[in-house]
Amino acid sequence: LFCCVMTTHDGVFCLGQKAASEDEEEYGDNRQKELALEASSSIYSLKEPLLLKCNPNDSEIGGKEAGEANNENAQYDSNNTQSKNIPLILTYTFIVFAGRSMWSQSVLSAMVYLLRNNNPESVGFLTSIMGVSQLVASLPSGVLADMHRRDYMLKVGFLVGTTAFVVTVYASFSESFGALGVSLALWGVFYGITNTSISALFADSISEGERSYYFTQRMMLTKLGCTAGPTASLVMFAILGDDWTMKDCAIVMTFGQVICLFGILILCFLRDEYIVEHNESMALEVERTEAIVSITEENEVQQSCDHDTEPRESQKSLLCLPQHRAVPVLTVISDVLAGCAAGMSTRYYTIFFIDNLQLSPSIVSLLYILSPLGQMVMHKIAYISGRKVGRCQIVVIFKWIGTSFMICMILAYKHHLHVSIICILYLLRTSFANATSNLTKSIIMDSVPRNERGKWSALESVNMFSWSGSAALGGLLVSSKGILFNFYVTAALQLVATLPLIVLFERVKD
């Protein structure tokens, strides 16, 4: 009796059976022992989600041969438990975000604000340029990454990123608004090309069941990088005189660009060959072998499969969406709405600190140091809580808490409370509101097949576009209604963004 079984993170799906011929039965016992011996040499190299509790000791192997097989298994497992892409991508994430947070987080907004004579609309306009260029580049890049090799797209991103570095340094010291717009457009193309491919490659390099953990680790490194950048900015501004001037901003931006360049070099070392696809194919072979060795266990699995798949097929579509698309589509909609809300205000917190609170560059840099640290702590708490309560539930709870702190921050400023209280409320708001992106991304990657992850990663650029487009809208609101009104609209839209996730409370498995 022959059975081919494929494992997924949801369970085991039986692909088919056929009867063996009478000739195969004559030497079936000997063949079973040979296949069991071959299976024992590779079974320990597999991750737990890919196995059906296979135990090589259940096979009838001699003591000496079994000991040698176990030694080989232990050696293979120690050398192949992690893809080489994982540490490279994590290192790239820390370095790039450390440099990016140094030049893009507060210094860029301040430079544009000073360059355009305190005009907030210019800040939103330049941000929208980067978002549009990222959207235009990411959608075809995601398709090409799925059709061809992802590491080829990352090498193209390396060339674009190097060009963006040169143009940005020139624009910073020449104080040219047009050249700065071109440089941000190039950075948008760079992020559009690299983010889609590197997210898909990162997901491909992680075994099923471990993505929430590694996505959380990467997000924590992102926040750690966002702490390192403002720390360097604080030191440099303190040395330069702690004042908002074009020259000082240009120096700090250039230093951040140099840091980004080191991270861009890592893109040349990522490889498609380092993904864990070979483990999945080995899992298929092991499951086929186990089915031949133990017919009784196979029949039990068959009954379990039939029992599990019937309710899946009977489930109805959700909100006119197919069953297999409902979870990723609604999660992306929630991310896009949250991105619109964040984009309306993120670029204007620096303006709020400069104009309304009269904070110096060192104090603003200190806030941007503490903010990612708080987000790192909340990321870990969100990850642990998501495993117990549910990922969608935790995302909604954290978003609501963050929105509440944002409203409290506005009320504290209107009632003329001390600046330190307003800053603390800002830090609490940012820590909660930005601590769940790793959970939503893991939900998407767990809900789509491998050959579509590049396309779904490209949708992150739609999120970036909405973020940048809403930044331009935020500039118009700041100019016409004031910065506090812009913050109120942001809070309302953040609450709306949680509605699609509430619908998924009973559909996302954790």
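The model is predicted. The chain contains 20 helices and two strands. Of its 510 residues, 52% count as buried. Among contacts with a sequence separation of 6 or more, 84% join residues 24 or more positions apart.

**Packing of α14 and α16**

- Helix α14 spans residues 361–388 and helix α16 spans residues 419–433; their axes lie 8 Å apart at an angle of about 40 degrees.
- The crossing of α14 past α16 is right-handed.
- On the α14 side the contact is formed by L367, Y368, L370, S371, G374, Q375 and M378. On the α16 side the residues are C423, Y426, L427, T430, S431 and F432.
- By class, this contact between α14 and α16 holds eight nonpolar residues, five polar residues and no charged ones.

- Helix α17 covers residues 437–447, and nine of its eleven residues are buried, so the helix is largely enclosed by the rest of the structure.
- The buried residues of α17 are N438, L439, T440, K441, S442, I443, I444, M445 and D446. The charged residues K441 and D446 are thus included in the buried set.
- Helix α9 (residues 211–240) packs against α17, with axes that come within 9 Å and cross at roughly 140 degrees.
- The α9 helix passes α17 in a right-handed crossing.
- R211, S212, F215, T216 and M219 of α9 meet S437, N438, K441, S442, M445 and D446 of α17.
- The α9 contact with α17 consists of three nonpolar, five polar and three charged residues.

**Aromatic pairs**

- The count of aromatic pairs comes to 17.
- One of them joins F352 and F487: the ring centres are 5.6 Å apart and the planes stand at 75 degrees, so the pair is edge-to-face.
- F352 belongs to helix α13 (residues 323–356) and F487 to helix α19 (residues 483–496), so this pair ties together parts that are 135 residues apart in sequence.
- Both F352 and F487 are buried.
- Ring pairs link Y349, F352, F353, Y368, Y413, Y426 and F487 into a cluster. Two members of this cluster, Y368 and Y426, also take part in the contact of α14 with α16.

**V489 in helix α19**

- V489 is found in α19, the helix that also holds F487.
- V489 has a relative accessible area of 27% and is partly exposed.
- Leaving aside neighbours within four places in sequence, V489 is in contact with M344 and L477.
- The C-alpha atoms of V489 and S345 are separated by 9.1 Å, although the two residues are 144 residues apart along the chain.

**S122 in helix α6**

- S122 lies in helix α6, which runs over residues 120–147.
- The relative accessible area of S122 is 6%, and the residue is buried.
- Not counting residues up to four places away in sequence, S122 touches V112, R116 and F177.

Key. Residues numbered from 1 in each chain as written. Predicted model: local features only at pLDDT ≥ 70, side-chain atom pairs only at ≥ 80, totals over all residues. Heavy atoms only, no water. Axes fitted to C-alpha atoms, helices over the stretch in contact; angles between N-to-C directions. Helix = DSSP H or I, 4+ residues; strand = E, 2+ residues; numbered from the N terminus. Left-handed = near helix turned anticlockwise from the far one by under 90°. Contact = heavy atoms within 4.5 Å. Phe/Tyr/Trp six-rings, centres within 6.5 Å; stacked < 30°, edge-to-face > 60°. Buried < 20%, exposed > 50% of the residue type's maximum accessible area, 1.4 Å probe, protein only.
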